[in-house]
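My plan is to go from single residues to the fold and back.

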Amino acid sequence: MKILVTGVQGQLGHDVFHELADRGHEVIGTAHGQLDITDRQAVEQFFMAIRPNTVVHCAAWTAVDAAEEEENKPKVYAVNADGTRYIAEACRKLDGKMVYISTDYVFDGTGTAPWKPDCTAFAPLNVYGDSKLQGEQAVQTALEQYLIVRTSWVFGRNGGNFVKTMLNAGRKFDTVRVVNDQIGTPTYTVHLARLLAEMCESEAYGCYHAANEGGYISWYDFAREIYRQAGCSARVVPVTTEEYGLSKAKRPKNSRLDTSKLAENGFARLPAWDNALGAYLKELNE
């Protein structure tokens with residue numbers, strides 16, 4: 001199978017590319033500067049030239065706070081909404097399959113019940129979430145052969161993330177303040193990449209939620225486990241989102257994702273998040 005992976009310089013795209021290559025697929029990767037996904041004609045020409053069977057669309061504007069700045073908003077929508085639509089339209093012309101990576105941020109984060117993948121009660125709190133939702137809608141409008149995969153709290157080797165931020169903070173400070181009223185589940189890119197590769201090889205189309213198993217936690221809980229496993233002596237102090245108060249973008253407090261649809265459709269659920277963290281810390285030290 002010939003598979004195009006966008007955003008191969010990012011955390012997830014990097015691991016997806018290598019997972020698919022390890023499985024023997026012919027994989028083409030694009031990174032920032034190689035293909036301008038906001039240029040419809042450039043996207044169509046690129047697709048017609050390489051003619052992929054499947055696309056895993058990992059490229060996105062993911063700087064959540066920067067997305068709130070007025071001068072950045074047009075760029076955010078150009079990448080996450082328009083760029084996704086152009087890729088979906090190109091897939092349609094080739095009768096291809098598309099795997100689109102989305103986010104828990106398409107929901108407003110109210111309540112405590114886990115969000116189900118087929119829930120349509122969308123109410124993004126920030127520009128990033130709204131732009132990713134528009135990307136979802138573009139995929140669903142253009143294609144029948146699609147898998148939309150919403151994930152949360154992603155961490156991987158090839159990029160910045162919460163784990164790296166906490167490790168750096170733990171080296172600099174004796175005490176670190178972390179919010180304890182935003183609840184969700186971390187997701188290790190190595191494990192998510194395996195799932196996405198399985199999805200490329202399947203025809204179980206639709207919307208899914210994917211995150212590591214092991215129960216729902218707060219960022220505070222996650223930080224404490226990072227320091228425990230890393231042997232860091234820094235003290236973690238729980239604070240509310242309001243007390244923390246440093247973010248330009250509003251964050252959903254309920255990012256619990258119901259992942260049960262994976263097993264219902266024959267996909268393996270991801271390992272427990274604390275084991276994933278251990279594997280990641282080992283990877284960072286290699």
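**Entry 1: a cut-off before I start.** I need one definition for what follows. A residue counts as buried under 20% relative accessible area, as exposed over 50%, and as partly exposed in between. I also note that this is a predicted model.

**Entry 2: C232.** Is C232 buried, partly exposed or exposed? I looked up its relative accessibility and found 22%, so C232 counts as partly exposed. I then looked for its place in the chain. C232 sits in the loop between α7 (219–230) and β13 (235–239). Next I listed its contacts, leaving aside neighbours within four places in sequence. C232 touches G170 and Y227. I also checked a distance. C232 and L192 are 40 residues apart in sequence, and their C-alpha atoms are 27 Å apart in space.

**Entry 3: A268.** I turned to another loop residue. A268 lies between α9 (260–264) and β14 (270–272). Its relative accessible area is 46%, so A268 is partly exposed. Which residues does A268 contact, once neighbours within four places in sequence are left aside? I found L195 and E198. E198 is 70 residues away from A268 in sequence, yet the two C-alpha atoms are 9.1 Å apart.

**Entry 4: the whole chain.** I stepped back here. I counted ten helices and 14 strands in the chain. The radius of gyration is 18 Å, close to the 19 Å that the globule rule gives for 286 residues, so the chain is as compact as a globular protein of that length. The C-alpha trace spans about 55 × 40 × 35 Å along its principal axes. What share of the 286 residues counts as buried? I noted 52%.

The accessible surface comes to about 12,700 Å². Carbon and sulfur atoms hold 46% of that surface. For charges, I noted 30 positive and 36 negative side chains. The centres of the two sets lie 3 Å apart.

**Entry 5: strand β4.** I picked a strand to follow. β4 covers residues 97–103, and seven of its seven residues are buried. I checked its two faces in turn. K97, V99, I101 and T103 are on one side, and they are buried.

Which strands pair with β4? One of them is β3 (residues 54–57), which runs parallel to β4 and is joined to it by four bridges. In this pair, V56 stands opposite V99 in β4. β5 also pairs with β4 in the parallel sense, over six bridges. Here the bridge partner of I101 is V149 in β5.

**Entry 6: strand β5.** I asked how many residues of β5 are buried. The count is six of the six, so β5 is largely enclosed by the rest of the structure. Both of its faces are covered. Y146, I148 and R150 make up one side, with L147, V149 and T151 on the other.

**Entry 7: two positive phi values.** I kept a general point in mind: most residues other than glycine have a negative phi. Then I looked up D95. Its phi is near 55°, a positive value, and D95 is not a glycine. D95 lies in the loop between α3 (73–93) and β4. Is D95 buried or exposed? With a relative accessible area of 61%, D95 is exposed.

W153 also has a positive phi, of about 50°, although W153 is not a glycine. W153 lies in the loop between β5 (146–151) and β6 (154–155). At 9% relative accessibility, W153 counts as buried.

**Entry 8: D181.** I ended with one more loop residue. Where is D181? I found D181 between β7 (175–179) and β8 (183–184). Its relative accessibility is 18%, so D181 counts as buried. I left aside neighbours within four places in sequence and listed the contacts of D181. They are V239, T240, T241, E242 and K253. A234 is 53 residues from D181 along the chain, and their C-alpha atoms are separated by 21 Å.

Definitions and conventions
Residues are numbered from 1 along each chain as its sequence is written. This is a predicted model: local features need pLDDT of at least 70, side-chain atom pairs count only at pLDDT 80 or more; totals for chains, interfaces and linings use all residues. Side-chain values use heavy atoms; hydrogens and water are left out. The radius of gyration is taken over C-alpha atoms; the globule rule is 2.2 Å times the number of residues to the power 0.38. Buried means under 20% relative accessible area, exposed over 50%, partly exposed in between (1.4 Å probe, protein chains only). Accessible areas come from the Shrake-Rupley method with a 1.4 Å probe; for residues, only the protein chains shown count as cover. Lys and Arg count as positive and Asp and Glu as negative; His and the chain ends are not counted. The place of a charge is taken as NZ of Lys, CZ of Arg, CG of Asp or CD of Glu. Two strands pair if DSSP finds at least two bridges between them. Contact means heavy atoms within 4.5 Å.
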